[in-house]
Amino acid sequence: MKPDPRETDSEIRDRETDEFLRHLASDRGASIYTQRNYRQALHEFFRWHQQQRQQPPAWANLQRDDFRSYLRFLGRGHLSRAAIQLRFCALRSFYKFLIRRGAVATSPIRNLALPKTEKRLPKFLTAQQILDLLNAPLKELKGLQKPVSKAEGAALLRDVAILETIYSSGLRISELCGLLADDIHWGEQVVRVRGKGRKERLVPIGAPALRAIQDYWSSLPHPPGGDTPVFLANARNFRPMYPRLAQLRLKRHLATAGLDPQLTPHNLRHSYATHMLDAGADLRSVQELLGHAHLVTTQVYTHLTTERLKRAYEKAHPRA
């Protein structure tokens, strides 16, 4: 969500929303992206109500018609269905918080009819495309003029390890950036992952990914250990890798591999799930590996495998 440049969050003064946002950060352990999106959604509604009603919203007194009016306003703004759903998801969570606090008795948003989101299948890479991508940083390293600086060599080895780890374990980029050295159980080949809402899970990690991490660490002047990050933003200090840098490095390697540079780290996670199901993994296991709270979130990948099977059938069967 993009905030209105004419308005700033500092202009919003509302005790209930401030308490809810603190709750998101401290009690629920929401990601920085969820915190940002929910803050912008609540402040956007606050400004709309202020402009339309000439007063700030009294949350306990709002009625369903108020939110129907807001929904019509959003529709006139030609927002996508997903953008509208996101705004009302924030408002719905906010009202659940107010109900638990006893500030309101019921939610005026409950059962409010919203436009259904468009069903878009996640993009994923084929197994060969994944191999091409995994080889891209090493291909670049071999092509660099000698001598290669230690910093550049370490960065490319780190990128190999990052790509291997995301694909090997199906991690979200925030989960990968939050990995600590102690989270890797080398003998058992599992890694402890901190997912959404501070939920932890143990996920298998393959031998190639572990070797890539060891190769990366051996290139550092001070290899990580204990509670230091697995992946560093640079080799000179222990500042952890951050999502934006990971995305930029991925674009670079996608271009090297001749792939679409608009793909994101999340597409590697999609590829992981799709390839697991293609190879016969059951849906419930993939759900647990991905850290999805609800099976319906994982079921989108079954559409990908079904579509692939249908195409193979139509291509090969004489009476398709």
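Reply: Angles under 35 degrees count as roughly parallel, over 145 as roughly antiparallel, 65 to 115 as roughly perpendicular, and the rest as oblique. This is a predicted model: local features need pLDDT of at least 70, side-chain atom pairs count only at pLDDT 80 or more, and totals for chains, interfaces and linings use all residues. Residues are numbered from 1 along each chain as its sequence is written, and side-chain values use heavy atoms, with hydrogens and water left out.

Me: Why are H6 and H8 called roughly antiparallel?
Reply: Helix H6 (residues 150-169) and helix H8 (residues 207-218) pack at about 160°, with axes 8 Å apart. That angle is over 145, so the pair is roughly antiparallel. Axes are lines fitted to C-alpha atoms, for helices over the stretch in contact, and angles run from 0 to 180 degrees between N-to-C directions. The helices themselves are DSSP runs (H or I, at least four residues), numbered from the N terminus.

Me: Which residues make the contact of H6 with H8, and what classes do they fall into?
Reply: On H6, they include Leu 157, Val 160, Ala 161 and Glu 164. On H8, they include Ala 209, Ala 212, Ile 213 and Tyr 216. Contact means heavy atoms within 4.5 Å. By class, there are 9 nonpolar, 2 polar and 3 charged residues. Ala, Val, Leu, Ile, Met, Phe, Trp, Tyr, Cys and Pro count as nonpolar, Asp, Glu, Lys and Arg as charged, and the others, Gly among them, as polar.

Me: What makes H10 and H11 roughly antiparallel?
Reply: Helix H10 (residues 265-278) and helix H11 (residues 283-290) pack at about 155°, with axes 10 Å apart. That is over 145, so they too are roughly antiparallel.

Me: Which residues of H10 meet H11?
Reply: Arg 269, Tyr 272, Ala 273, Met 276 and Leu 277 do, against Leu 283, Val 286, Leu 289 and Leu 290. The contact divides into 8 nonpolar, no polar and 1 charged.

Me: Why is Phe 97 called buried?
Reply: Buried means under 20% relative accessible area, exposed over 50%, partly exposed in between (1.4 Å probe, protein chains only). Phe 97 has 2%, so it counts as buried. Phe 97 lies in helix H4 (residues 81-100). Leaving out residues up to four places away in sequence, Phe 97 touches Glu 16, Glu 19, Phe 20 and His 23.

Me: Buried or partly exposed: what are Cys 89 and Cys 177?
Reply: Cys 89 is at 30%, so it is partly exposed. Cys 177 is at 11%, so it is buried.

Me: How many disulfides are there?
Reply: The search of the whole structure finds 0 disulfides (pairs of cysteine sulfur atoms within 2.5 Å).

Key
Helix = DSSP H or I, 4+ residues; strand = E, 2+ residues; numbered from the N terminus.
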